[in-house]
Amino acid sequence: VRDVRRESQLKVTEETVANEQDWWMFSHGLNQRVAWSDQRDTRERGTTTFRNRGRRTGGSSRWNNLQKFVHPSAVGVAMRNQIFSEGAERMVSKFREFDENYNFV
């Protein structure tokens, strides 16, 4: 078990602005956003079904390109520098988009 710096769930507040003290902010160098697809592309070849295995078999990738940000006025993303919650084999951090004035959107 790792001892991690975690914020108290009793003191959790909804912040409206990102700041450098509590958040790691990223806006430069963000090129694209992709998501893994749960859908498998299957093709019939004779009596055998071949499953898409990405680029190894020459099939199309299961990674889908998405819009760079979810919100239209977002210019960057911020990740809280303290762990929000933890559980078996996982830690959860807050991750949000912000606009040009560092307001969360």
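## Before you start

Residues are counted from 1 along each chain as its sequence is written, and side-chain values use heavy atoms, with hydrogens and water left out. Because the model is predicted, local features need pLDDT of at least 70 and side-chain atom pairs count only at pLDDT 80 or more, while totals for chains, interfaces and linings use all residues.

Strands here are DSSP runs (E, at least two residues), numbered from the N terminus, and two of them pair if DSSP finds at least two bridges between them.

Four bridges join β6 and β9 in the antiparallel sense. In β9, Phe-95 stands opposite Met-79.

## The nonpolar core

Five residues make up the largest nonpolar core: Ala-18, Trp-23, Ala-78, Phe-98 and Phe-104. Such a core is a set of buried Ala, Val, Leu, Ile, Met, Phe, Trp, Tyr and Cys residues joined through side-chain atoms within 4.5 Å. Buried means under 20% relative accessible area, exposed over 50%, and partly exposed in between (1.4 Å probe, protein chains only). In soluble globular proteins, nonpolar side chains tend to be buried together.

Ala-78 belongs to strand β6 and counts as buried because its relative accessibility is 0%. Not counting residues up to four places away in sequence, Ala-78 touches several residues, including Ala-18, Trp-23, Phe-98 and Phe-104; contact means heavy atoms within 4.5 Å. Trp-23, with neighbours within four places in sequence left aside, has contacts that include Glu-15, Val-17, Met-79 and Arg-80.

Arg-80 counts as buried, because its relative accessibility is 9%.

## Aromatic pairs

The whole structure holds three aromatic pairs. Rings of Phe, Tyr and Trp (its six-membered ring) pair if their centres lie within 6.5 Å; planes under 30 degrees apart count as stacked, over 60 as edge-to-face and the rest as tilted. Trp-36 and Trp-63 are edge-to-face because their planes stand at 70 degrees, with ring centres 5.0 Å apart. This pair links strand β2 (residues 33-36) with strand β5 (residues 63-66), its members being 27 residues apart. Trp-36 is partly exposed at 44%, and Trp-63 is partly exposed at 47% relative accessibility.

Phe-98 and Tyr-102 form a stacked pair, 5.3 Å centre to centre with 25 degrees between the planes. Phe-98 counts as buried at 2% relative accessibility, whereas Tyr-102 is partly exposed at 41%. Tyr-102 lies in the segment after β9 and has a positive phi, near 65 degrees. Most residues other than glycine have a negative phi.
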